[in-house]
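Please keep the sequence and the three-dimensional view at hand while reading.

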Amino acid sequence: QAELAGRAGLGIAGVELPEMPGARISAAITGNLEQLDIRMNAIGGADAGLTGGGEALLRPYAPILVAALRLSLHGLDPHVFSPDAPKASLSLQADLHETSAGRLEGGMPIENAEPAPLDHGGLPLLQVSAQTILSAELLQFNALTLAVAGGGTVSGNLLWRPVEAAGTADLAVSRIDPVRLDTRLRAANLSGVIKLSGGAQTQQGILTLSDKALGESATANSIS
């Protein structure tokens with residue numbers, strides 16, 4: 001149900017999500033086609049755990065549509081929206097703001113209250129955090145940290161340049177147990193480094209992982 005609240009405003013109240021019966025989205029939209037201010041709330045019903053709210057500043061004709069985003073969501077299950085996505089119960093806190101024309105920076109930490117191995121249809125991540133930089137030319141995650149079940153972490157920096165279809169990854173792996181990611185894998189306690197770089201024409205990767213307790217290590221270098 002939507003009703004017009006004047007030429008510069010639109011209210012959308014109680015729209016039910018088809019994928020989540022009982023969950024309803026309400027939003028208030030003000031502004032014009034050059035700049036829209038959207039404030040929204042999500043309320044879960046008896047069978048829907050999704051709750052939260054936020055606000056976004058959109059510029060439809062700018063190089064980057066989103067000029068600012070503040071969002072707090074809890075109980076988000078990706079599997080509800082796509083049968084191919086893993087099951088999870090995610091809490092998302094986003095605070096992105098424009099630091100210069102067409103460039104957003106900020107944090108977007110994510111927590112998963114129900115981690116599970118991939119082969120069980122779940123998502124083995126506990127937490128994700130990073131300092132994010134976003135523009136039409138660049139997607140960058142600095143101080144990225146992925147915490148997985150069992151106490152392991154993957155940390156480092158990721159950079160992607162969509163125009164060039166090129167990027168780099170410099171990651172440190174610490175105490176990762178593969179069986180926590182997928183129970184079909186062998187248990188271990190892996191630490192090491194992963195370095196990736198390249199684009200559409202050339203890719204290079206270096207992977208060095210070891211388990212000191214088992215006295216095993218693996219090193220791989222690839223250029224294509």
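The points below are grouped by topic. The structure is a predicted model. It holds six salt bridges, and its strands include an antiparallel pair, strand 3 and strand 4, joined by a hairpin.

**Paired strands**

- Strand 3 covers residues 24-31 and strand 4 covers residues 36-43; the two pair in the antiparallel sense over eight bridges.
- Asn 41 has Gly 53 in strand 5 as its bridge partner.

**Salt bridges**

- Side chains of opposite charge can pair when their charged atoms come close.
- Arg 39 and Asp 37 form a salt bridge through their side chains, with an N to O distance of 3.8 Å.
- Arg 39 is partly exposed because its relative accessible area is 47%, and Asp 37 is also partly exposed, at 22%.
- Asp 37 and Arg 39 belong to a network of salt bridges that also links Glu 55.
- A further salt bridge joins Arg 59 to Glu 98, where the closest N and O atoms are 2.8 Å apart.
- This pair links distant parts of the chain, since Arg 59 lies in the loop between strand 5 and strand 6 (66-76) while Glu 98 lies in strand 7, 39 residues apart.
- Arg 59 counts as partly exposed at 24% relative accessibility, and Glu 98 counts as partly exposed at 33%.
- Arg 103 and Glu 105 meet through their side chains in a salt bridge with an N to O distance of 3.0 Å.
- Arg 103 has a relative accessibility of 28% and is therefore partly exposed; Glu 105, at 26%, is likewise partly exposed.

- Most residues other than glycine have a negative phi.
- Ala 143 is not a glycine, yet its phi is positive, at about 50°.
- Ala 143 is part of strand 11, which spans residues 139-148.
- The relative accessible area of Ala 143 is 52%, so this residue is exposed.
- Arg 175, also not a glycine, has a positive phi of about 55°.
- Arg 175 is located in strand 13, residues 166-176.
- Arg 175 counts as partly exposed because its relative accessibility is 44%.

**A buried loop residue**

- Where does Ser 89 lie? Ser 89 is in the loop between helix 1 (78-81) and strand 7 (90-100).
- Is Ser 89 buried or exposed? Ser 89 is buried because its relative accessible area is 18%, and buried means under 20%.
- Apart from neighbours within four places in sequence, Ser 89 is in contact with Gly 75, Leu 76, Glu 111, Asn 112, Ala 113 and Glu 114.

**A residue of strand 15**

- Ile 206 is found in strand 15, which runs over residues 203-211.
- With a relative accessibility of 28%, Ile 206 counts as partly exposed.
- The C-alpha atoms of Ile 206 and Leu 196 are separated by 6.5 Å, and these residues are 10 residues apart along the chain.

Note on methods:
Residues numbered from 1 in each chain as written. Predicted model: local features only at pLDDT ≥ 70, side-chain atom pairs only at ≥ 80, totals over all residues. Heavy atoms only, no water. Helix = DSSP H or I, 4+ residues; strand = E, 2+ residues; numbered from the N terminus. Buried < 20%, exposed > 50% of the residue type's maximum accessible area, 1.4 Å probe, protein only. Pairing = 2+ DSSP bridges. Contact = heavy atoms within 4.5 Å. Salt bridge = Lys/Arg side-chain N within 4 Å of Asp/Glu carboxyl O.
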